[in-house]
Each structure stands twice: as structure tokens, then as C-alpha cells.
Amino acid sequence: MSADPVKKLRALAKRLRAKYPEASVSPAPAWDGTDSILSEFVFSLLLAESNPPQARAAFERFRSEFVDLNELRIALPDEVAELLGEDDPHASERAARIRATLHDIYQREHVMSLAALAEAGKREIRHYLESLNGITPFVIARVKLLHLGGSTVPVDNTLLSRLHKEHALENAATCESAGEWIPKQFEPGQSASL
């Protein structure tokens, strides 16, 4: 029988806080003329299965290449993938997700903005986010955590694999279920940063 995942999770969080005391989750860089929620969507799509320096570099390339997110939305998939760089093994998939999500948002809102979500109720936010084309649980969790008052942890496949390796999750846990389960294992106000 394996050790209690809750104990393993708390021990892992404690080790990581000790090793990286200054680590924190930072919101997406600003993109002039774009609301912070939509900027976070794009940055989070770049960050999933990547790392912050690579995501920031790709985000900066997008900002220098495209006037706004509408121009990114209508860019050719190969053009977007090329800007992501050869070192991104998920470039084609990431480009397709970015374009699909931005296109879906534009179809629904008739403008490139998600500012209205800041005024929506929790159920409405959840339904809206989960129904977007190209979206992942990681992106939903990150946007909710940083901009919409959600109590969740963004978990991508890389983090999920690490948590499974550390036996800090049940074997059947998915990115989405782990993101919802992790905050419940810590006292309110206690950092669950991983």
C-alpha cells in the first residue's frame, strides 16, 4: 500500500517552498489594448507544457509581430507556429489552440475581450471557459486563479507527471481533478504553490 497522497503533497510543497522561497505565480505580461484576462489566456496557452522563460519569450515575439490579438487570431497557423520557435515541441498544437480559442472568443463576443467575465458568476464563468474551443484545464485554472477569484491550481501534464512520480496524487488523477483537489489539502491562506 502506498503512502498517503495528502502527506506526500504537503511534504513536496514544503520542500519546494524551502528550495524556492521567492517563487510565485505571476500574471501574464500586459499587452497594450488587451484586457488582462485575455492576455492571461494567451500567456497560459504558451506556458502549458513549457516554462516561464520560454512562454515570456514567445509572448514577447507575439507582441512585437502582431498589432493586437485580433491579428494573432487571423494569422496563418504556420506563421504562429514559426514564432513559437523550433525548440517548442508543441508548436503546431499550441498554434492551433491559440487560434481556435481566440476565434471562439471573437465569435461569442464580437470583440477581442474577456473583461465581461470579471462581472460574471462562478457557474457562468466555469461554463464559458470550459466550452471554449482549444482550451485546456491548465489554462482555465490559471485564468480563474489569477483573474477571476478561483480556488484552483493550474496543472499541466508535466506537473501531473511529477506529482504522480512523487506519489502526491491518487493514480487516477487528471490535470483537472488534481487542480481542484490540491487546494482542498491545505488550510485557507496556506500556500499550495508547487
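Tutor: In this predicted model, the crossing of helices α2 and α3 is right-handed, and the contact is made by Ser39, Val42, Phe43, Leu46 and Leu47 on the α2 side and by Pro52, Ala55, Arg56, Ala58, Phe59 and Phe62 on the α3 side.

Student: At what angle do the axes of α2 and α3 cross, and within what distance do they come?

Tutor: The two axes come within 8 Å and cross at roughly 130°. That angle makes α2 oblique to α3, because an angle has to be over 145 degrees to count as roughly antiparallel, and the range for roughly perpendicular is 65 to 115.

Student: How should I read a pair of aromatic rings, and how many aromatic pairs are there here?

Tutor: A ring pair is described by two quantities, the distance of the centres and the angle of the planes. The count here comes to three aromatic pairs. In one of them, the ring centres of Trp31 and Phe59 are 5.6 Å apart with the planes at 85°, so the pair is edge-to-face; the cut-off for that label is an angle over 60 degrees. This pair links distant parts of the chain, since Trp31 belongs to the loop between α1 (5-19) and α2 while Phe59 belongs to helix α3 (residues 52-65), 28 residues apart.

Student: Are Trp31 and Phe59 buried or exposed?

Tutor: Trp31 is buried, with a relative accessible area of 4%, and Phe59 counts as buried at 0% relative accessibility. Phe59 also forms an edge-to-face pair with Phe43, at 5.9 Å centre to centre and with 85° between the planes. Here too distant parts of the chain are linked, with Phe43 in helix α2 and Phe59 in helix α3, 16 residues apart. Phe43 is buried, as is Phe59, and ring pairs link Trp31, Phe43 and Phe59 into a cluster.

Student: Which charged residues lie over the rings of Tyr106 and Tyr128?

Tutor: Arg73 lies over the face of Tyr106, at 4.0 Å from the ring centre, whereas over the ring of Tyr128 sits the charged end of Arg108, 4.8 Å from its centre.

Student: Turning to helix α8, which of its residues are buried, and what covers them?

Tutor: In α8, which spans residues 137-147, the buried residues are Phe138, Val139, Ile140, Ala141, Arg142, Val143 and Lys144. What covers these buried residues includes α2 (36-47) and α7 (122-130).

Key
Residues are numbered from 1 along each chain as its sequence is written. This is a predicted model: local features need pLDDT of at least 70, side-chain atom pairs count only at pLDDT 80 or more; totals for chains, interfaces and linings use all residues. Side-chain values use heavy atoms; hydrogens and water are left out. Buried means under 20% relative accessible area, exposed over 50%, partly exposed in between (1.4 Å probe, protein chains only). Helices (H or I, at least four residues) and strands (E, at least two) are DSSP runs, numbered from the N terminus. Contact means heavy atoms within 4.5 Å. Rings of Phe, Tyr and Trp (its six-membered ring) pair if their centres lie within 6.5 Å; planes under 30 degrees apart count as stacked, over 60 as edge-to-face and the rest as tilted. A charge sits over a ring if NZ of Lys or CZ of Arg is within 6 Å of the ring centre and within 35 degrees of the ring normal. Axes are lines fitted to C-alpha atoms, for helices over the stretch in contact, and angles run from 0 to 180 degrees between N-to-C directions. Angles under 35 degrees count as roughly parallel, over 145 as roughly antiparallel, 65 to 115 as roughly perpendicular and the rest as oblique. A crossing is left-handed if the near helix is turned anticlockwise from the far one by less than a right angle, and right-handed if clockwise.
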